[in-house]
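Visitor: I have some questions about the labels used for this protein. Please set each value against its rule.

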Amino acid sequence: MMTPRTATDVDTAIIGTGFAGLGASIRLLQEGEDDFVVFERAEEVGGVWRENRYPGCACDTASHLYSFSFAPKPDWSQRFAKRDEILTYLKTCATQFGVRPHIRFGHTVERAVWEEEALRWKIDTSEGTCTARTLVLGVGTHSQPHVPDLPGQARFDGRAFHSADWPADFDPTGKRVAVVGTGASAVQIVPALQPHAEHLTLFQRTPAWVVPHGNSEIPPSVHRLFERIPGLLLLWRYVLHTIREMSGLLFWHPKIARLVEPLVRLWMRRQIPDPDLRETLTPNYTLGCKRILHSDDYYPALMQPNVRVVDGAAREVHAAAVSGPDATSTTVSDSDATTVPAAGPHAADAIVYCTGFKSTNMPFSRCIYGRGGRSLNEVWGPSPRAHLGTTVSGFPNLFLLRGPNTGLGHNSILPMIEAQIEHILGALQYMEATGTAAVEPRPAAQERFVEQVDRWSKNTVWTDGGCDSWYLDESGRNAVLWPRSIAAFRRRAEDFDPSEYVTVSRPASSNGTMSKTPAEKAGRGPRSGK
């Protein structure tokens, strides 16, 4: 197998080595294609699971669903895997499937421009320039941390960082820690910090719906069973997948979500005996409107005497404190709950921002330039849109993994990514078979898909649930989630339909024959079919 050691001109360039980038790389190799390069800004694979190393970091998708379909893992240690085990899985896949020789570690992609005459992408990285016929973005939606712009941040004397930038040397022991935000990372970080911190202040802008997690160890006997009978593991994956698919009804039909809410409130009553604190932590919007969080120890941690919940967003940062809104906060003591001014200031030696990511502002949108020199950011404006969440009109041979409207609220994201990868492979195979140099979605086809997504998004819990979530873009449109089942997306997206695309033929050479691709010039021939 020929693998370029220094890649300056390749058939395909991939950005990112999380599940998306690695999945695309592995499938290319499985299809007999080795003329590609993967750019990774860090020194190891892993994507979001490499970057997020905060204490308590774990997945809220069942472990046996959180793996590639072509590489199921029989020996997950827990029902819901922790960060280190997931990262190890990704590292193992990169080695096992032979992707590592294609990865250029320490290469930050700074700019990519579609060159109309050459019909190729020119990709500028921190270590040089590469050209490629096809560009695949596998950077995901959780690669740009969002830190609120609070007055006074520059004057804070302690340590302040986002959960995705956790310092390896940070020790919370004996410190007064302010946690800003109550999202998915906060429900994992708070229970991990609370036993060690002298005091923990949680600034809650909006309470989240938290449901039982039910995590537990998976016995070695189950590992051995799945290893000896692989078909049983596949059956278990199918059962888990089907159950999670059925749970999507809760999101698509708010009436069903409201029927479930009393059960969650009953569980909250048992978890939070204090009525004042329970009222503070109870959302006033429909279950599922914002991301549903999973934890068995978040509420018990908030009940501890060294924790204070501020009912409102952080307002200002001081040299050694953080101020909240002009309201009240709740402190739980050994005897009862007391209310104190939430405005503060609340003393803090460290600030942890659990404030999520810029999910509707897609990564790289400002440095990807298509036809006419227009950037993705310019074309999209306040609302990212893509055909099948994968291709964008005006950007030939650009493929997005985890693009607009491919996120999920109810199931593992990996089948969605794999469906997109199959679509990309279909496009590449079509181009090779027909001598096509470039493809991009027809504007009408892209608009039909977006209109369908918008129509399906109406009357869902995300649009009618009474909240303002990160799923919605600046215009109030659902730009993140796929509002139907995974099966529906796979039926729509897996197969490449040439009728939905504008194609550009490969230019003829001086003798009248079609000019060769870099792969053909190198003697590798066309890509094999599926």
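Guide: Start with Cys354. Its sulfur lies 11 Å from the closest cysteine sulfur, in Cys57, which is too far for a bond. The rule for a disulfide is two cysteine sulfur atoms within 2.5 Å.

Visitor: What should I know about the model itself?

Guide: It is a predicted model: local features need pLDDT of at least 70, side-chain atom pairs count only at pLDDT 80 or more, and totals for chains, interfaces and linings use all residues. Residues are numbered from 1 along each chain as its sequence is written, and side-chain values use heavy atoms, with hydrogens and water left out.

Visitor: Why is Cys354 called buried?

Guide: Its relative accessible area is 4%. Buried means under 20%, exposed over 50%, and partly exposed in between (1.4 Å probe, protein chains only). So Cys354 counts as buried.

Visitor: How many disulfides does the rule give?

Guide: The count is 1. Cys289 and Cys467 are joined, S to S 2.0 Å. The partners come from distant parts of the chain, 178 residues apart. Cys289 sits in the loop between helix H9 (275-281) and strand E11 (293-294). Cys467 sits in the loop between helix H14 (461-464) and helix H15 (486-493). Helices (H or I, at least four residues) and strands (E, at least two) are DSSP runs, numbered from the N terminus.

Visitor: What is the handedness of the link between Cys289 and Cys467?

Guide: Left-handed, with -95° about the S-S bond.

Visitor: Why does Cys289 count as buried?

Guide: Its relative accessibility is 0%, so it passes. Cys467 is buried as well, at 17%.

Visitor: Which residues touch the most other members of the largest nonpolar core?

Guide: Phe19, Tyr299 and Leu302, in a core of 102 residues. Such a core is a set of buried Ala, Val, Leu, Ile, Met, Phe, Trp, Tyr and Cys residues joined through side-chain atoms within 4.5 Å. Helix H12 (residues 414-434) gives the largest share, 10 residues. A second, separate core has 28 residues, including Cys130 and Cys367.

Visitor: What makes Ser25 buried?

Guide: Its relative accessibility is 0%, so Ser25 counts as buried. Ser25 lies in helix H1 (residues 19-30). Leaving aside neighbours within four places in sequence, Ser25 is in contact (heavy atoms within 4.5 Å) with Ile14, Phe36, Val38 and Val99.
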